[in-house]
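Try each task before you read its solution.

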Amino acid sequence: MTETENARMMPEMVTDDLCLRKCSQKDIEEFYRLAVNPNVTKFVQWDNHKSIEETISYVTSLEEEFSKGDRMTWAICSRAADVFMGLVSLSQINEKNFSAEAGFWLGEEHWNNGYATQALKAVIDYGLYGNLNLHRIYARHFVEHLACGRVLQKAGMIFDGVERGSVYSKGRFFDAARYAITK
Ligand SMILES: CC(C)(COP(=O)(O)OP(=O)(O)OC[C@H]1O[C@@H](n2cnc3c(N)ncnc32)[C@H](O)[C@@H]1OP(=O)(O)O)[C@@H](O)C(=O)NCCC(=O)NCCS
């Protein structure tokens, strides 16, 4: 896939405060600075980054996953200055069932400004009503991670239930709350 084709299929989106765009090598330094913080990864399945090489390899893998059609990941950037602040994604893209899973994270200094909600709403809008033409977008969060649950609610997702002990992360099992939105 050429760079031009990628850009066409990976739309840039803007919200009141954000620009959502393709994550690229120019984001590596800021990405690593934010992802090294263990507070960011306390309630997610990935571990905080331990070296900049890990970040480089991850950003490269995003491109590969996008090329395969498995996952679309946008860098969440400040609209005014285009500074990298985190990621929002649609993964598990299932063409048969017209469904996908949403996920997101932001660097700790960017929390509680409404950014995750803005990013998720934009991606839901694209997923349901844009090229992907999905019918259902779902998301899961560790039940104790209340801030994530609030983001899902504020983005219009409906609570579907709790999957007990469904996620093994950092040496223990977590209950996952599942939310979804349908067209
Ligand atoms: C979860 C996360 C994405 C939220 O991003 P954010 O930009 O701060 O989210 P928003 O500002 O849009 O909304 C946060 C909401 O959670 C609420 N909140 C924050 N901390 C909370 C807590 N400890 N308990 C309950 N609610 C909390 C905020 O008050 C806000 O709700 P409100 O608008 O009703 O007041 C961010 O904290 C993060 O990136 N965490 C690390 C990675 C992660 O956990 N990703 C999500 C995996 S499901």
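**Exercise 1.** Find out whether Asn-133 is buried or exposed.

*Solution.* Start with the cut-offs: a residue is buried if 20 or more other C-beta atoms lie within 10 Å of its own, exposed if 12 or fewer, and partly exposed in between, with C-beta atoms placed from the backbone. Next, count: Asn-133 has 11 other C-beta atoms within 10 Å, so Asn-133 is exposed. Now place the residue: Asn-133 lies in the loop between helix 4 and strand 6. Helices (H or I, at least four residues) and strands (E, at least two) are DSSP runs, numbered from the N terminus. Finally, look at the backbone: phi of Asn-133 is positive, near 55 degrees, although the residue is not glycine.

Before going on, please note that this is a predicted model, in which local features need pLDDT of at least 70, side-chain atom pairs count only at pLDDT 80 or more, and totals for chains, interfaces and linings use all residues. Residues are numbered from 1 along each chain as its sequence is written.

**Exercise 2.** Work out which residues of helix 5 are buried, and where they sit around the axis.

*Solution.* Begin with the list: Cys-148, Val-151 and Leu-152 are the buried ones in helix 5. They cover an arc of only 95 degrees (taken from the directions from the helix axis to the C-beta atoms), which puts them on the same side of helix 5. Here is the general rule: an α-helix has 3.6 residues a turn, so residues three or four places apart point the same way. Then turn to the other side of helix 5, where Leu-146 and Ala-147 are exposed. Last, find the partners: the buried residues pack against helix 4, strand 6 (136-142) and strand 8 (172-182), where contact means C-beta atoms, placed from the backbone, within 7 Å.

**Exercise 3.** Which element gives the largest share of the shell around the ligand?

*Solution.* Of the 20 residues around the ligand, Ala-116, Thr-117, Leu-146, Ala-147 and Arg-150 come nearest. The largest share, five residues, comes from helix 5.

Technical notes. A residue is near a molecule or strand if its C-beta atom, placed from the backbone, lies within 6 Å of it. Two residues are in contact if their C-beta atoms, placed from the backbone, lie within 7 Å.
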